Amino acid sequence: MSADTQTLRPVDLRSILTFTVKLARTAGTLILEGSQAIQSTSDVNEKKNSVDLVTEYDVAVEELVKSEIAKAYPSFKFIGEESYSSGTRNELTDEPTFCVDPIDGTTNFVHGFPFACISLGLIYQKRPVLGVIYNPFLDHLYTGIEGQGSFLTRGNNQPLKLPLTNPKPLPSLQKALLAIEWGSDRGKKTLVPKSDSFLRLAGDPADGIAGGRMAHSIRSLGSAALNISMVAQGGLDLYWEIGCWPWDVCAGIVIAQEAGGAVVGSHTALAAATSAGSSIDPFKVTPDVLTGRKYLIIRAIPDTPNETGREAQLRIAKDFYQTVEDSEPK
């Protein structure tokens, strides 16, 4: 780090990445231990049930992460899911701030479905600049630094630059493999607009679904961080969710952007950015977008003779938001 300890240079970010990767792998061991403990819980009436164990390991992983960060970077701020849940509300500042979800995909974690991860993002000057997402079940490590690319490391193999293959054009939503999530709020006010949106995305307009886009298919990995990672990788064309928190998406945003992906905020944010005379960059992740709890991430799309990749991403974003309904998360 430079003489001013709060000024992060590219070389500083590389050093922080090395530390963060090691921390993610250490936390991954604890996550695996917790999942195995839950899977071995057979008596539903025992005092420490699976919900207790999830909370215990969520907290344990976050405390491990906070402790190690405090030792290595004592001046850095910290925003974490469990800290937030317990009442700690750290506002975004220009100071380096780790933004952490200790276990993203807790339902998968409980069921032994191997798509849960730790998500470690670094915010600097109120924007995500570094991301590490580690799925210990599959030993898949996603990393990214602003301006330095993003990568996938499988096991002990060499890192692979993202996206894994040359991006292909995306002419329409009909050709797209989409990721969505049902979320934890199952009330009517939230679920009806979501399910109606999913119906239109999947439905056939020629067979009774008004406004149907007949997307190629729809997936739900059960983890925001891993959905975004898969968009960055190129396995998914886009991911949309309302109701996430910054710690769910912070690391993934860096990884996706460095792989050529576009990140869009809410319907309202996109409409404002694309209105006549607007000078707003629709793909700039402002603090309002980062904390807005509404996210659309679109994979890299190559330039074609008819449009640039950026124009194609914007076309897809507009088309998508014309199809789905907005709603307000709890």
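This report describes a helix pair, a sheet and several salt bridges in a predicted model.

## Helices α6 and α7

Two packed helices are described by the angle between their axes and the distance between the axes. For helix α6 (residues 224–233) and helix α7 (residues 246–258), the angle is about 5 degrees and the axes are 8 Å apart. An angle under 35 degrees counts as roughly parallel, and α6 and α7 are therefore roughly parallel to each other. On the α6 side, the contact is made by A224, A225, I228 and A232. On the α7 side, the contact residues are D248, V249, G252, I253, I255 and A256. Divided by type, the residues of this contact are 8 nonpolar, 1 polar and 1 charged.

Helix α6 is largely enclosed by the rest of the structure, because 9 of its 10 residues are buried. Those buried residues are A224, A225, L226, N227, I228, S229, V231, A232 and Q233. After α6 comes G234, which has a positive phi, near 105 degrees.

Strands of a sheet pair through backbone hydrogen bonds, either parallel or antiparallel. In this model, an open sheet is formed by 5 strands in the order β9-β8-β10-β12-β11, and its pairing is mixed. Strands β9 (217–219) and β11 (262–264) are at the edges, and each of them pairs on one side only. On average, neighbouring strands of the sheet are turned by 20 degrees against each other, direction ignored.

Side chains of opposite charge can pair when their charged atoms come close. The structure holds 12 salt bridges. One of them joins K330 and D185, with the closest N and O atoms 3.9 Å apart. K330 lies in the segment after α10 (309–323) and D185 in the loop between β8 (177–179) and α5 (188–202), so this pair ties together parts that are 145 residues apart in sequence. K330 counts as exposed, at 74% relative accessibility. D185, in contrast, is buried, with a relative accessible area of 17%.

Another salt bridge is formed by R213 and D319, and here the closest N and O atoms are 2.2 Å apart. R213 is in the loop between α5 and β9, while D319 is in helix α10, so the pair ties together parts that are 106 residues apart in sequence. With 26% relative accessibility, R213 counts as partly exposed.

## Other charged residues

E307 forms a salt bridge with R315, the closest N and O atoms being 2.7 Å apart. R315 has a relative accessible area of 27% and is partly exposed. A network of salt bridges links K294, D326 and E328.

E311 is a residue of helix α10. With a relative accessible area of 43%, E311 is partly exposed. Its C-alpha atom is separated by 9.2 Å from that of I301, a residue 10 positions away along the chain.

Conventions
Residues numbered from 1 in each chain as written. Predicted model: local features only at pLDDT ≥ 70, side-chain atom pairs only at ≥ 80, totals over all residues. Heavy atoms only, no water. Axes fitted to C-alpha atoms, helices over the stretch in contact; angles between N-to-C directions. Helix = DSSP H or I, 4+ residues; strand = E, 2+ residues; numbered from the N terminus. Parallel < 35°, antiparallel > 145°, perpendicular 65-115°, else oblique. Contact = heavy atoms within 4.5 Å. Nonpolar A, V, L, I, M, F, W, Y, C, P; charged D, E, K, R; others polar. Pairing = 2+ DSSP bridges. Buried < 20%, exposed > 50% of the residue type's maximum accessible area, 1.4 Å probe, protein only. Salt bridge = Lys/Arg side-chain N within 4 Å of Asp/Glu carboxyl O.
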